[in-house]
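Reader: I have a model on my screen and would like to walk through it with you. Could we take it piece by piece?

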Amino acid sequence: MGASRSSGTTDEIGPDEDSGGGPPGRSTIPGPPAGEDGLPCPPAGSELLAALLDGMDAALCAFDAAGTVTHWNREAERVLGWTAEEAVGRSGFAGWAVRRADADEVRDRLMSAMDAPGRQVHEFALLRKDGGRVLVRTQSAGVRGADGRPAGVYCAFSEVHAQIDLERAIALSEALLEDASWGVVLVDVDLRPTVVNAYAARALGGSRTRLLGRPLGDLVVQGVEEVEAALHHVLAEGAPSAPAELWVTLRTAEGERRRCWRSGFLRLASPLTEEPVPLGVGWLFRDVTAAKLAEQEADRLRFRTSQLHRAARTASECEDPMEAATSLLDFALAGFADHVLIDLVAGERLVRTAATPFDAPGPCLPVSGGAIPARYAPGHPALQAVERTGTVRTSGATGAVDPAAWAVERCWPRDAAHALCAVLRSRGRTLGVLTFLRAANRAAFERTDTAYAETVAARVAGAVDLARATADSR
């Protein structure tokens, strides 16, 4: 609220009862006396009150019981342009701060607060000193003297648009922190949550009160470093110009969940200081995991379709059907797997016919020296695929079992940790098994990968069948 510039701020609202000859409403209290040490004593009550009124951020004026202006602070001067010297001592607002036609109504509504309990809120059109009109919202309340009788009215007012802006800001903050359709977390300078709305509480897997004051590392298993780095950057440099997408893994009662949050950040600073003092960061986010996964799947499908198209065109130019089969696999491997093996049925056994290098990345080539029997133990995934006439997915054991030993035991490259075995079928016959292998730094094969592997296997099986038919004809 703004502050009284009246040199005459009295201890009680109303004109001075001391007949010091000054104009009504002007104080005749002398300045503070000096103490024994020559220094001035603390300010008297009237001077302290004047300083407090002049420091307020809202316009304030006061009237005595007769309706005479007794107080007028700096903010009132700013809003209407009238100085304290021009305002104090006038009888009401008639003829200077309000139109004469409206003066009686304004006076009656303001002075009615003197006898009414509590505060009254009104809206008036007041006149500026330059002749312009300004719509203000007032809060007025009665003032009682030492004897308990009505002594006057004080009135705090502000421009309606400023009041509405304030109310909008408060309403917005309350809505964000209650019912927003995205998460809102306010963190302090130590990066601990101080306010969490309902959406954010559900996303973080806890109640709104239980999450307060806890380190983010207690809530986020993986990705907390990226979140904290973003918050530190905002505190130091300010808010980024665009939202950021952060992948995090959360610890929940159902286990760990990987989520993608599209996040925006705002640096919070105190509006009450001349130099901005950081209060923390406002973190707004929305869970876009489903959309991101769908986008990734669409990109993956588009890339794989393009690879199959290129592979078909390349294979059509190959004179040798087995060369066409290995060319197909070279295209299929890109972004899908690290190794591929072709094991064909020869009687009761499977024989290794083509493979990528075990010790380094490379193209799929026929086995040097001709096909050799694959030493697969009973229950091997490739044998299971042949028996089931279907696809088999498996991953290496973790923990106490050595992943490299798991791969070597199955006659696969040592870095293999995930496998997908797709059966080769053509003209109603099982021709062999196509095995795709991934290293431990990649995710295990999923159901969507199975469909792609079976599509590749069907094309490879056609090339292998053609190669055998051509060999038989020769």
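This is a predicted model: local features need pLDDT of at least 70, side-chain atom pairs count only at pLDDT 80 or more; totals for chains, interfaces and linings use all residues.

Reader: Let's begin with a turn. In the hairpin of E3 and E4, which residue takes a positive phi?

Author: E3 covers residues 120-127, and E3 pairs with E4 (residues 133-144) in the antiparallel sense over eight bridges. Five residues lie between the two strands of this hairpin. The one with a positive phi, near 100°, is Gly131.

Reader: And in the hairpin of E4 and E5, which residue takes a positive phi?

Author: E4 and E5 (residues 150-159) run antiparallel and are joined by nine bridges. Across that pairing, Gly142 stands opposite Val153 in E5. This hairpin has five residues between the strands, and the positive phi, near 85°, belongs to Gly148.

Reader: Back to E3: is Gln120 buried or exposed?

Author: Gln120 sits in strand E3. Leaving aside neighbours within four places in sequence, its contacts include Arg109, Ala113, Thr138 and Ser140. The cut-off for buried is under 20% relative accessible area. Because Gln120 has 19% relative accessibility, it counts as buried.

Reader: With which side chain does the side chain of Gln120 make a polar contact?

Author: Ser112 and Gln139 are among the residues in contact with Gln120. For the polar contact, the side chains involved lie 3.1 Å apart, and the partner of Gln120 is Ser112.

Reader: What is the relative accessibility of Val98?

Author: Val98 is in the loop between helix H3 (84-87) and helix H4 (100-111). Not counting residues up to four places away in sequence, Val98 touches Phe93, Ala103, Val106, Ala125, Leu126 and Leu127. Val98 counts as buried, because its relative accessibility is 1%.

Reader: How far apart in space are Val98 and Arg133?

Author: Along the sequence, 35 residues separate Val98 and Arg133. In space, C-alpha to C-alpha, the separation is 8.7 Å.

Reader: In E9, what is the bridge partner of Gln222?

Author: E8 and E9 pair in the antiparallel sense over two bridges. Gln222 has a bridge partner in E9, and that residue is Thr249.

Reader: How far apart are the end C-alpha atoms of helix H8?

Author: H8 has 28 residues, 289-316. At 1.5 Å a residue, H8 should therefore span 40 Å. The end C-alpha atoms agree with that, as they are 40 Å apart.

Reader: Last one: how are H8 and H12 oriented to each other?

Author: The two helices pack with their axes 12 Å apart, at an angle of about 5°. The contact is made by residues including Arg304, Gln307 and Leu308 of H8 and Tyr452, Val456 and Arg459 of H12. Angles under 35 degrees count as roughly parallel. H8 and H12 are therefore roughly parallel.

How values were computed. Residues are numbered from 1 along each chain as its sequence is written. Side-chain values use heavy atoms; hydrogens and water are left out. Helices (H or I, at least four residues) and strands (E, at least two) are DSSP runs, numbered from the N terminus. The expected span of a helix is 1.5 Å times one less than its number of residues. Buried means under 20% relative accessible area, exposed over 50%, partly exposed in between (1.4 Å probe, protein chains only). A polar contact is a pair of N or O atoms within 3.5 Å; within protein, one must be able to donate a hydrogen and the other to accept it, and residues adjacent in sequence count only if both atoms are side-chain atoms. Contact means heavy atoms within 4.5 Å. Two strands pair if DSSP finds at least two bridges between them. Axes are lines fitted to C-alpha atoms, for helices over the stretch in contact, and angles run from 0 to 180 degrees between N-to-C directions. Angles under 35 degrees count as roughly parallel, over 145 as roughly antiparallel, 65 to 115 as roughly perpendicular and the rest as oblique.
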